[in-house]
Amino acid sequence: MISLAMHLEIARHLALRLYLRRMLLENGRPGDVSVLIVLFHSDPSLLRRCVQSIEVAARRAGVQAHLVFVDNGGGLPDLGSRNLPMTLLGEGENIGFGRAVNGALRNVQTSEVLLLNPDAALGDDALLAFRAGLHAAADSILTGTLMTSGHVDQDATIDWDFSVGRVVKRWRFRCRRSASVAGTAGTAAGVESEKLTGAALYAATNVLRELGPFDEQFFLYGEDADLSRRARRAGHPLRRLPEARVQHDKSASASRFGAMVEFARADAAIRLAAVHRARCVSLVQRAELTVVTVLGVVLERDRSRRSARLARLRAVRRWGVRQRAAALVADDFDGPSHNA
């Protein structure tokens, strides 16, 4: 039996969908959007699901989606019969996520662009919500609501420097979950977000170009958090759209690479603090990262996870007490590196 709350949520969703469609029709939004997808040995089945979701979302939004793939390794798998125009860039060399996106953005001809992970799938009305949200605030940068195993991925839209701060912000997110997940009925603007996620990011092409968009010293991870901080300082609103649901299979992005992922994430965390915080804060952050890592290793019973956690200390040693360190490159990793 469907509860009253469920009936109200369904009615709210339908009303907002009608509102979004009417607003876009009345204001005559342009009909094309580019979708940038960076590939790195991408799972063929998840990538086909991703492309299929774009086709459905584009059809429901009444737009033409142009797919722009960047091959950072592994090539473009067979996608079967698809009706969307496609462009393939890159030569299979892993140049990093940020650099790949920046290069692809120079080839974009449309006025609006979506960055999407190859292991993500758009909800049916995601593009409709993105386009309406951008119409509501043209200088804003939008992010989708990432769903993992049926739950909102809170880490996708919270910003932190310290592990303790991350825990506190997760708790605050859960406390306001009902408002955060549902958003505000009848509005296209969505809810304010601390951070954007590069897994599902939507903006006007010219706005992203003005911002970079990505600082290429962030080889893996952290580039979206860095962009978020710079965008806020430049006066661009950051908004998360509850109606732009995006299913994201995290395990496909990270679980195969273990120690490499932990090393890259630790480097990104240190680099973010070094770039955006005072030197003393940056050094304290490294100390906290070291303590948290050691405690995690001691408490972790799984041998492979324990080994992966230790890779964080390699990043701490690489930085030492310096305020700047060379950007990572593919050769800095023991195995194949991955854009997530």
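This is a predicted model: local features need pLDDT of at least 70, side-chain atom pairs count only at pLDDT 80 or more; totals for chains, interfaces and linings use all residues.
User: How do I go from a residue pair to strand pairing, and which strands pair with β10 in the antiparallel sense?

Analyst: The general idea is that two strands pair if DSSP finds at least two bridges between them. The elements themselves are DSSP runs numbered from the N terminus: helices are H or I with at least four residues, strands are E with at least two. Here, strand β5 (residues 120–122) runs antiparallel to β10 and is joined to it by three bridges. β8 also pairs with β10 in the antiparallel sense, over two bridges, and Glu-192 has Arg-239 as its bridge partner in β10.

User: Which strand runs parallel to β10?

Analyst: That is β6, joined to β10 by seven bridges. To find the pairing on your screen, look for Leu-146, whose bridge partner in β10 is Val-246.

User: Why is β10 described as largely enclosed?

Analyst: Burial is read from relative accessible area: buried is under 20%, exposed is over 50%, and partly exposed is in between (1.4 Å probe, protein chains only). In β10, eight of the 11 residues are buried, so the rest of the structure largely encloses the strand. Strand β1 (residues 32–39) is largely enclosed too, because seven of its eight residues are buried.

User: What are the pairing partners of β1?

Analyst: Strand β2 (residues 64–71) runs parallel to β1, with eight bridges between them; Asp-32 has Gln-64 as its bridge partner in β2. Strand β4 (residues 112–116) pairs with β1 in the parallel sense as well, over three bridges, and there Leu-36 stands opposite Leu-115.

User: What is the handedness of the unit made by β1, helix α2 and β2?

Analyst: Point the strands away from you: if the path from the first strand over the helix to the second runs clockwise, the crossover is right-handed. β1, helix α2 (residues 44–61) and β2 make a right-handed β-α-β unit.

User: How many aromatic pairs does a search of the whole structure find?

Analyst: It finds two. Rings of Phe, Tyr and Trp (its six-membered ring) pair if their centres lie within 6.5 Å; planes under 30 degrees apart are stacked, over 60 edge-to-face, and the rest tilted. Phe-97 and Phe-214 form a tilted pair, 5.7 Å centre to centre with 45 degrees between the planes. This pair links distant parts of the chain, 117 residues apart: Phe-97 is in helix α3 (residues 97–105) and Phe-214 in the loop between α7 (205–211) and α8 (223–233). Phe-97 counts as buried at 6% relative accessibility, and Phe-214 at 5%. Phe-130 and Tyr-202 form a stacked pair, 5.0 Å centre to centre with 5 degrees between the planes. Phe-130 in helix α4 (residues 126–136) and Tyr-202 in strand β9 are 72 residues apart, so to speak distant parts of the chain linked by the pair. Both Phe-130 and Tyr-202 are buried.

User: Is α8 mostly covered or mostly open, and what do its buried residues pack against?

Analyst: Mostly covered: eight of the 11 residues of α8 are buried, among them Asp-224, Asp-226, Leu-227 and Arg-229. They pack against α3, β6 (141–148), β9, α7, β10 (238–248) and α10 (259–276), where contact means heavy atoms within 4.5 Å.

User: Where is Leu-196, and which residues does Leu-196 touch?

Analyst: Leu-196 is in the loop between β8 (191–192) and β9 (200–204), and is buried with a relative accessible area of 0%. Not counting residues up to four places away in sequence, the residues that Leu-196 touches include Ile-141, Ala-156, Asp-224, Leu-227 and Leu-238.

Notes
Residues are numbered from 1 along each chain as its sequence is written. Side-chain values use heavy atoms; hydrogens and water are left out.
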